[in-house]
Amino acid sequence: MPRFSVIVPVHKVQGFLRACLDSILTQSFTDFEVIAVDDCSPDNCGAIIDEYAARDPRVTAVHLPENVGLGRARNTGVGHATGDYLLFLDSDDCYTPGALQAIDERLTVTGHPDVLVFDHVRSHWWGRGGRSATAKLLASAGTETFDILGSPKYLRLFLVAWNKAYRRDFFTGHGFTYQPGLYEDAPVTYQALVCARRIACLDRVCVEYRQRRQGAITRTPGRRHFDIFEQYAGLFAFLDEHPELDETRPLLFERMINHFLATMRLTERVLPEDRPAFYRRTVEFYRRYKPEGFTPPDDAYRVQWRLLAGAPYRLYQMCVLAKELRNASDRKKRELRKSASAHVKRTIARTQRRQPLDPNLAVFSAFSHRGVLGDPAAIHQAARTLAPHIRPVWVVRADSVKGLPKGIDYVTPDTPGYHRVMSRATYFVNNVNWPQGLVKRPGQIHVHTHLGTPLGHMGVDLLGHPAATHRVDVQATLSGADHWDYSLVSSRYAEQIWDRALPCHFTSLATGAPRNDVLVRGDRSRASAVRRRLGIPDGNIVVLYAPTHRDHRRWYVPRLDFDRLVRELGATVTLLVRLHPRDADAAIRGLQLRDLRQRGLLLDVTDEPSVEDLMLASDTLLTDYSSLMFDYANLDRPIIVHADDWEAYRAARGAYLDLPAAPPGHVTTGIEELADLFTSGAWHDEHSAALRAAFRARFCEYDDGHSAARVVSLVMLGEQPGGRLQLPAQVTAPRGALADAPRLGYDPA
């Protein structure tokens, strides 16, 4: 007897069916059977499931002689099932990797409950969405079990068949069956939940729910959506047959009416001309099934609830329209207030610009006002010692203020205080361009630190590449660079690139990158503190994976199989994953990375504010084409380049050097090659060290541990190169891993 019976009803989905079946059959957990039910599909679906059944004995193909609909096709699948638990998966959806393993483990931990509910993610035709709205509800359950009377909030879980595992004896013993028509999931879901003595939850995305542009019945308006009434009539008929469930009637009545009201508002379901009839049926059900003493909920539909007692549709429509008008009026008021506030701020800015500049005021910002970070933070720290007369003020977004170090003077964007300092400051230090509306006054000095040494094309060099037409505004970049007075560079290579890519009137300063000072000097105590804070086991090798953004991709596509990689690396290696800031909202973070992090297999450090901390705490950098490799080379620790799509990247953006031909370390193109590099110990061999030394000599030319001091001396103190502040041209960087003892044969000395 298999652990799971996965029932897949199939009808007119030939373009999606293979992906669905593959997502089941390639699961790491293998104790299951698949029952694919061909609901007399007119396309090639029947032949596809026969092909899979012939190839894999776990697949059973069932062909129905006539089309019976989704619900009854599921019932047929239940009749063929032999597994301990029933799972339903629609044939245009997919399981996520590791889903069945996670479901099995949670069923075991929770003592084999009657029902287990798990999470899903919506995959729209234009791209993947986020987690379900009930994700927090699932998480709050932990590993405890419950029943609905004790936890009625769980009736708000998504009303579908495919986000649950049903114990087969429980499901068939109660005679649950799906009825013909739309909304067939609702009565079975509610019947199972109110009958179950033990319900459990799994806070993990197990299903990728495909939202197709065409073909989705729930997005096809028409009278078929009136099926919802018959489905709920069947639910209350079931309650009539089971008086022991009477306590659940008020709960289910509330869920039913809210479902009606929500459905009636959806233009993709109920046509405007059908709404009066839909409303009348809702009123009819309200009167027929309202329990004695029932009190309507105080929720978003509270006004509509009051009208259901007997108000005609015209009055209901007027009340809904009145609410929409109030909402529109509120939006207009907010827009007017915002416009008036902007006018006041512009007036303040104009007034302040009539005042003289403050020669001792310096404004700092980093990463679009995300905090005291990067090169600007290093310059700020050096100025506190070398130029204490300079008053530093940071521009910080409101949502980043909480994380500021103590004693930082700051303003938030587009406030009166912001306009005052921006109008009066003499020095401006930033690693990205200031907002386009900033007026630069004569005498103001702008220092641009950049975001690292460039590998991919920048500025005007992007013209002619696809990246220049996809989210990259070259003209805006040049307009921002026109404000610069000084551009900081770490090498002659970088100076030549910026002068070519940004034909503007700035002066390049051969200072090195201020944020790299800590990498050149090294800081064992800081690195150890970061490791402790992140919970990295003592003695583990730390691999920092930092990929760059792909301009030719609309959303983030993982280049590595994280689950496989961490298993190949083993428990003595800790993988830190830091996605590019432009990919910080990638869906994978709430899905696979979140799951692997919860299972202790890796750490998602994308939100860590200081990348310098992560570099210090790591033993090796694994990247593709990120500019972090130029910074990391200062640590003289191994760098691995995973260049599986180098030609695509170079075609989309262009590159200033042939990275695979002159890399800072070993280059891999496949997951097997990458895993072997670590297991064999070659990742830190002599060849890697030689490549790194040549790379560092070329691209870290001016990074000597005194870059920040040099910037303050030249810009804020007016010293000339070679003047009072004597700085060494180059110092030797510390080498190796953080621990004193070698690990996996790696000798840090």
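User: Taking partly exposed to mean a relative accessible area between the buried limit of under 20% and the exposed limit of over 50%, at what relative accessibility does Arg-281 count as partly exposed?

Analyst: In this predicted model, Arg-281 forms a salt bridge with Glu-284, with 3.5 Å between the closest N and O atoms. The two residues lie three apart in helix α10 (residues 275-289), so about one helical turn separates them. Glu-284 counts as partly exposed at 33% relative accessibility, and Arg-281 falls in that class at 24%.

User: Is Glu-254, which forms a salt bridge with Arg-156, buried or exposed?

Analyst: The closest N and O atoms of Glu-254 and Arg-156 are 3.6 Å apart, and the pair links distant parts of the chain, with Glu-254 in helix α9 (residues 249-265) and Arg-156 in the loop between α5 (135-141) and β8 (164-167). Arg-156 is partly exposed, its relative accessible area being 47%. Because the limit for that class is under 20%, Glu-254, at 17% relative accessibility, counts as buried.

User: How many residues apart in sequence are the parts that the pair Asp-104 and Arg-3 ties together?

Analyst: The side chains of Asp-104 and Arg-3 meet in a salt bridge of 2.7 Å, N to O. Asp-104 belongs to helix α4 (residues 99-109) and Arg-3 to the segment before β1 (4-10), so the parts tied together are separated in sequence by 101 residues.

User: Which element gives the largest share of the lining of the second largest pocket?

Analyst: The second largest pocket holds about 1500 Å³ of space, and Val-432 and His-580 are among the residues closest to its centre. The elements that give two or more residues to its lining are α15 (474-481), α21 (611-617) and α23 (646-653). The largest share, three residues, comes from α15.

Methods
Residues are numbered from 1 along each chain as its sequence is written. This is a predicted model: local features need pLDDT of at least 70, side-chain atom pairs count only at pLDDT 80 or more; totals for chains, interfaces and linings use all residues. Side-chain values use heavy atoms; hydrogens and water are left out. On a 1 Å grid over the protein atoms alone, a cavity is a set of points where a 1.4 Å probe fits but cannot get out, and a pocket is an open set with protein on both sides within 12 Å along at least five of seven lines; lining residues have an atom within 4 Å of a point. Grid points are joined across faces, edges and corners, and a volume is the space filled by probe spheres set on the points. Helices (H or I, at least four residues) and strands (E, at least two) are DSSP runs, numbered from the N terminus. A salt bridge is a side-chain nitrogen of Lys or Arg within 4 Å of a carboxyl oxygen of Asp or Glu. Buried means under 20% relative accessible area, exposed over 50%, partly exposed in between (1.4 Å probe, protein chains only).
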